[in-house]
Amino acid sequence: MPHPSEHPVPPDVWATGDAYEAFIGRWSRRVARTFLAWLGVPADAAWLDVGCGTGALAATILETSRPRSVTGVDPSDGFVAHAHRAIPDARVSFHVGDARSLPVADGSFDAVVSGLALNFVPEPDRAVAEMARSCRPGGVVAAYVWDYAGRMEMLRRFWDAAVALDPSAAPLDEGPRFPLCREGALADLFSRAPLRDVATRAIDVTTRFRSFDDYWAPFLGGQGPAPTYVASLEAEAREALRERLRRSLPANPDGSIRLTARAWAARGVRA
């Protein structure tokens, strides 16, 4: 069988909204509800969602926070187009843009947030500084990221299996690849920005899969580091990874699988 390391691994792909929703978007929405309740932003606020992706966080803001407006910015044309289609609300607009140079005026938002995006920005300090710039004094700046190295279990178990079969995949493992996504790291990042009263917390949600196939199928969608890696494998290597995961995941008697997904969240007040 050809070893996976013989084949080049392409960079992360972020383009197809439906595939991303099936893979991560549905779990992000669960984290978002707790995250937004923790922020406690009053109704009628103007929100900016940085790295908005397919609109999971923006949609949850609409559902739970009674905003005056929500503006989303993301570098992916495909994700922005998906968000436009998925959220036909006059209060919402989505734009293609870079978190390190947000296309918005200084102090123009009451709350500036980011969900599952800061670790993918090459210069997260610049991104958080831009988030703070965009927020009015006294407004809230906040973000959450997955605990890739620990209790984001659907991905932690994937990478443990992938690296056991193919040690050359280790640099792609989101745990060591994204040190920002560890306890305390977000607090340090926010403390370097013009923010006060910085606070952090863990947010745990349950990811329930009806069966192993329900767990595995989203990894075939090609969106994000793990599915991008799967797409790079030849058929035999992909099947070996699938079988290793199937044997290692904790299935209930009915075949369902329950795992924990932990996110680290941070918030601060614009100084």
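## Terms and model

A residue counts as buried under 20% relative accessible area, as exposed over 50%, and as partly exposed in between. The structure described here is a predicted model.

## The sheet

Strands of a sheet pair through backbone hydrogen bonds, either parallel or antiparallel. In this structure, 7 strands form an open sheet with mixed pairing, in the order S3-S2-S1-S4-S5-S7-S6. Strand S3 (92–96) and strand S6 (195–209) are the edge strands, and each of them pairs on one side only. On average, neighbouring strands of the sheet are turned by 20° against each other, direction ignored.

Strand S5 (residues 135–146) and strand S7 (residues 257–270) run antiparallel and are joined by 7 bridges. Ala-142 has Arg-267 in S7 as its bridge partner.

## Helices on the sheet

Helix H2 (residues 56–64) packs on the sheet, where it touches strand S1 (46–50), strand S2 (69–74), S3, strand S4 (109–115) and S5. The direction of H2 makes about 135° with that of S4.

Helix H3 (residues 77–86) also packs on the sheet and touches S2 and S3. Its direction makes about 170° with that of S3.

## Salt bridges

The structure holds 21 salt bridges. One of them joins the side chains of Asp-44 and Arg-68, at 3.9 Å from N to O. Asp-44 lies in the loop between helix H1 (17–39) and S1, and Arg-68 in the loop between H2 and S2, so this pair ties together parts that are 24 residues apart in sequence. Asp-44 has a relative accessible area of 47% and is therefore partly exposed. Arg-68, at 44% relative accessibility, is partly exposed as well. Asp-44 and Arg-68 belong to a network of salt bridges that also links Asp-110 and Arg-136.

A salt bridge also forms between Arg-192 and Asp-125, whose closest N and O atoms are 2.8 Å apart. Arg-192 is in the loop between helix H7 (185–191) and S6, while Asp-125 is in helix H4 (residues 124–134), so the pair ties together parts 67 residues apart in sequence. Arg-192 counts as exposed because its relative accessibility is 55%. Asp-125 is partly exposed, since its relative accessible area is 38%.

## A buried pair

Asp-173 and Arg-156 form a salt bridge with their closest N and O atoms 2.6 Å apart. Both Asp-173 and Arg-156 are buried. Asp-173 lies in the loop between helix H5 (153–165) and helix H6 (174–177), and Arg-156 lies in helix H5. The pair links distant parts of the chain, 17 residues apart.

How values were computed
Residues are numbered from 1 along each chain as its sequence is written. This is a predicted model: local features need pLDDT of at least 70, side-chain atom pairs count only at pLDDT 80 or more; totals for chains, interfaces and linings use all residues. Side-chain values use heavy atoms; hydrogens and water are left out. Two strands pair if DSSP finds at least two bridges between them. Helices (H or I, at least four residues) and strands (E, at least two) are DSSP runs, numbered from the N terminus. Axes are lines fitted to C-alpha atoms, for helices over the stretch in contact, and angles run from 0 to 180 degrees between N-to-C directions. Contact means heavy atoms within 4.5 Å. A salt bridge is a side-chain nitrogen of Lys or Arg within 4 Å of a carboxyl oxygen of Asp or Glu. Buried means under 20% relative accessible area, exposed over 50%, partly exposed in between (1.4 Å probe, protein chains only).
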